[in-house]
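Biologist: I'd like to learn how to read a structure like this one. Could you walk me through it?

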Amino acid sequence: FDCSNLEKYDLAAKDTKKSRNKEMLEVFASGIGIHHAGMLRSDRTMMERLFAQGYIKVLCCTATLAWGVNLPAHTVIIKGTQLYIPQKGGFTDLGMLDVQQIFGRAGRPQFQDMGEA
């Protein structure tokens with residue numbers, strides 16, 4: 001997933017070096033990004049922007065990104081369908097509508113001709 005040949009890649013790489021998130025820095029050079037609630041908001045915003053601009057080809061994220069941010073993708077893979085709910089002190093299954101919402105990120109008509117989920 002080498003993206004180093006893209007225009008202005010050096011500026012994108014420079015942006016990522018401002019972060020203190022070591023995992024994010026390690027995977028960016030491979031065209032991979034991460035996104036989860038445990039990250040600083042500025043890092044999450046950066047990952048969203050770099051994915052939307054094509055500097056990140058694979059974005060590994062929690063379900064929250066698929067619910068709240070309009071980031072279309074060609075392919076969506078769901079690794080698991082359980083969420084931890086602190087108030088309940090345990091895991092709960094995602095509802096079918098939530099799963100469909102996440103899969104709905106694949107192949108948005110205004111962005112691509114097709115997608116895979």
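Biologist: Okay, which residues are buried in H3?

Modeller: Keep in mind that this is a predicted model. Buried here means under 20% relative accessible area. In H3, that goes for Asp43, Arg44, Met46, Met47, Glu48, Leu50 and Phe51.

Biologist: How far apart are the end C-alpha atoms of helix H3?

Modeller: They are 17 Å apart. With 12 residues (41-52) at 1.5 Å a residue, the helix should span 16 Å, so the two values agree. Just after H3 comes Gly54, with a positive phi of about 90°.

Biologist: Now the charges. How many salt bridges does the count come to?

Modeller: First, the general idea: side chains of opposite charge can pair when their charged atoms come close. The cut-off used here is a Lys or Arg side-chain nitrogen within 4 Å of an Asp or Glu carboxyl oxygen. By that rule, the count is three.

Biologist: Which residues are linked in a network?

Modeller: Asp15, Lys18 and Arg49. Lys18 meets Asp15 at 3.6 Å, N to O, while Arg49 and Asp15 have their closest N and O atoms 3.0 Å apart. Arg49 sits in helix H3 and Asp15 in helix H1 (residues 9-16), so this pair ties together parts 34 residues apart in sequence. As for accessibility, Lys18 is exposed at 64%, and Arg49 is partly exposed at 33%.

Biologist: And what does Arg41 form a salt bridge with?

Modeller: Its partner is Glu48, with the closest N and O atoms 3.8 Å apart. Arg41 is partly exposed at 46% relative accessible area, whereas Glu48 is buried at 11%.

Methods. Residues numbered from 1 in each chain as written. Predicted model: local features only at pLDDT ≥ 70, side-chain atom pairs only at ≥ 80, totals over all residues. Heavy atoms only, no water. Helix = DSSP H or I, 4+ residues; strand = E, 2+ residues; numbered from the N terminus. Expected span 1.5 Å × (residues − 1). Buried < 20%, exposed > 50% of the residue type's maximum accessible area, 1.4 Å probe, protein only.
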